[in-house]
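Hi,

Here is the structure I promised to pass on.

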2 protein chains.
Amino acid sequence: MQFELTTDKLDSLKLAIEEKDASSIKFQLQDLYAPDIAQLINHLDLEAAAYIYELLDEEIAPNVLLELDDDKREDLLATFSTKEIAEQLDNMDSDDAADVIAELPEEIQEEVLSHIEDIDQASDIAELINYEEGTAGSLMAKELVSVYAFETVSQCIEEIRAQADSVDVMYAVYVLDSNQRLIGMLSLKKLIISHPMALIEEIYEPDIQSVKTNTTSEEVAEFMQKYDLVVLPVVDQLGRLVGRITIDDVVDVIRETADENIQRMSGLSDDVDSNDNMWRLSRARIPWLLVGMCGGIIGSRIIGTYEEHIKIHPEMAYFIPLIGAMGGNVGVQSSAIIVQGLANNTLLIDKLAPKLLKELTVGLINGIICAALIWSYAFVIEDWRLAATVSLALLTVIMCASFLGTFVPLTMNRFKINPALATGPFVTTLNDIIGITIYFLTGRLLYAFF
Amino acid sequence: MQFELTTDKLDSLKLAIEEKDASSIKFQLQDLYAPDIAQLINHLDLEAAAYIYELLDEEIAPNVLLELDDDKREDLLATFSTKEIAEQLDNMDSDDAADVIAELPEEIQEEVLSHIEDIDQASDIAELINYEEGTAGSLMAKELVSVYAFETVSQCIEEIRAQADSVDVMYAVYVLDSNQRLIGMLSLKKLIISHPMALIEEIYEPDIQSVKTNTTSEEVAEFMQKYDLVVLPVVDQLGRLVGRITIDDVVDVIRETADENIQRMSGLSDDVDSNDNMWRLSRARIPWLLVGMCGGIIGSRIIGTYEEHIKIHPEMAYFIPLIGAMGGNVGVQSSAIIVQGLANNTLLIDKLAPKLLKELTVGLINGIICAALIWSYAFVIEDWRLAATVSLALLTVIMCASFLGTFVPLTMNRFKINPALATGPFVTTLNDIIGITIYFLTGRLLYAFF
């Protein structure tokens, strides 16, 4: 049912491109949708991509362009004249066109705009590129149908007829007062079933949710998810309707936010995927690796102060990895739950204490279970002092890690830092250092006294 | 703009509940939407929740019920009679009603169904609960408008009028052949702008994407995301239209899948959030902690075999945490990129070798950088043999972790195991063990020969 990209399909396409066999290429692409074709082109070199793109139908080409990876689109557009770019933009929704034009070098943006034949489209795009990235303004599209409250149903239908060409999917008709302020909406269903001479103000639904142009994308995504909205109108500071955001654009925001969280949690400092080049992949990983190295060096200094102790009791070294790993695991578990609660807005974030207490209790339960198990093991295999040291240290480390795994992301969130950062190498490194300190302190005390 | 849950709001609501002050409660809830009210109720005990629920308007109550946490809804419904439950279900969309009824104890499901007044609704629900959870059938709703290709536009509008009550949001009209098979669709826009006597078969859009009832939820979510669909029709094995899925339900699937991935990556074996009780939170964490413990114990055995070596060279112990941590970090970074590529379908998964080669090269670059840094540090602070041991081991560990972080999730995916599992404690534990082995092997060799 769904198109699946395979090396076979890609190879047969590459072969057809090499042989410049246009009819074979068209045959291979004929049943595919724009996202499928984009997926294929993403895996081709620029020359082949440009060749295929030229062979595409006019209708599907702009959609393929939109679905391409950002880098590939940028490269491809660089081979186009400003006039050719304008032709593609003419057939896109205003929000998509604005996204594409915003990626172009600034010096040619104006030239491209001047080549767009549809003046309305050009002015819509010109307006949209002014909104800051990551705001409702940058997500919204201008294509919508609005009527004044004093108009009639038949006037409204006339309006829809007139705009039918520029609106691809229709959700609802927005209702404005005489100052262009959004005051409500009218579902298409209501429109169809109402009398043609009925006044809009008699039948419209006044209860409508909207966002401002400067609302952040994440807030928009949260808002639409929470209230199960398919489309959301955007108003300016005066409450005048300026655009609308549809859920499909928000789905992308949701996915990107989730992806970003996973990357931050995994110690990737940049938005990368496995198709990126090696230098980019390498650069995205180095920062947190260096943090981990610093943590490791600090750890080595701490252990270094116990050199004499290790000489006499080398068995103390055996459980260093266990203590470090368990601190890391518990810290990541705790912070993942907090990060997720923050992302899904299910936390009461204004009271910290009950959360920490609960987390510490969970830590205590798991700590006692783990400590008891490791005590039994070490008591049988090694000796009682080592068993006591490892189990005591493990319990303390698990409690500490539970505390930090809860406290750090909540605190970062309070200071508007992405808490997902805390779930990654940061908490792991911190817990590593704390774990080792606790372990050796406990060991020295126990061995000294007994 | 958006409702934010605070302790103050919750406390003032609790006070009003204690005082049985219905008018104050109504005042506090009056401007809230169903998800907001549900968020408040989620934080109340059962008695308070039931009290508030009774005070809600008939219109909003079923929506609040749907938005509650699963546990809270279950508890609340247990206080209702089967007739009361049926009343709530009568005002829900068929898919939501089926979800709620599926959560009820089996012995009362039939009784509840028999109390539903709207016979069509009851039979729709009865049909929907038969579909397996996690399939398109379980996601879809029955509310849709369909017409036969041989009908006219005005007949179609009549049909919409007749069904207007049961359909809340309307997307498109589905077009069927005389055997009920889905052959296309008609946008509402097209319907509004076409001549009333036009035949549907002359104006409908034959190009339509659909899924089968047994398509998995994840595939549906991927499909709708990829092709930017707002609504997707569902057909049975014979191609007959049986329902439709809307994007807002899929947004939930997307979020749940992302949440699950984050949980698997963080070593949580169950779907938990911070509002769950302590035993559940504790149980979700224990399995991977025990795996980590086993890893730690294996690590201790490995180090144990080098007891004599550590007695003479206690400085070997210093860098155990660094080696373990770096292996873990690199493994998580590598596997996160693969897991994400798999989730977003951007990987060509049929060829493993190029991916591994690329990952190894990235590992080599980062490994050389890290090894050089740690060499300089250890050379200055400790001695050249330790510096050589640590840097050589670190390079090898980073390469190994890069390889495993790529190989393990890809292999798990091939065997239909969620690859996100691999990004968590599993890869970390494995890398810990391998890292220590490499480190001590290198150390013994170097110290033995020089």
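Which residues have the most contacts inside the largest nonpolar core? Keep in mind that this is a predicted model. The answer is A:Met326, A:Leu394, B:Met326 and B:Leu394, and the core they sit in has 210 residues. As background, nonpolar side chains tend to be buried together in soluble globular proteins.

Setting aside neighbours within four places in sequence, A:Met326 touches residues of its own chain, including A:Cys370, A:Leu394, A:Val397 and A:Ile398. It is also in contact with B:Leu289, B:Gly292, B:Met293 and B:Gly296.

That brings us to where the chains meet. Chain A and chain B each put 106 residues into the contact. On the chain A side, 59 of those are nonpolar, 30 are polar and 17 are charged.

Now for the layout of chain A. It splits into domain 1 (7-134), domain 2 (145-246) and domain 3 (278-449). Between the C-alpha centres of domain 2 and domain 3 of chain A there are 53 Å.

There is also a sheet to look at in chain A. It is open, with 3 strands in the order 4-5-6 and mixed pairing. Strand 4 (211-212) and strand 6 (241-246) are at the edges, each pairing on one side only. Strand 5 (residues 231-235) runs antiparallel to strand 6, with 5 bridges joining the two, and A:Pro233 stands opposite A:Arg244 of strand 6. Helix 16 (residues 247-265) of chain A packs on this sheet and touches strands 5 and 6, its direction making about 65° with that of strand 6.

Cheers

Methods
Residues numbered from 1 in each chain as written. Chains lettered and ligands numbered in written order. Predicted model: local features only at pLDDT ≥ 70, side-chain atom pairs only at ≥ 80, totals over all residues. Domains from an automatic or database assignment. Pairing = 2+ DSSP bridges. Helix = DSSP H or I, 4+ residues; strand = E, 2+ residues; numbered from the N terminus. Contact = placed C-beta atoms within 7 Å. Axes fitted to C-alpha atoms, helices over the stretch in contact; angles between N-to-C directions. Core = buried A, V, L, I, M, F, W, Y, C linked by C-beta atoms within 7 Å. Buried ≥ 20, exposed ≤ 12 C-beta atoms within 10 Å, placed from the backbone. Nonpolar A, V, L, I, M, F, W, Y, C, P; charged D, E, K, R; others polar.
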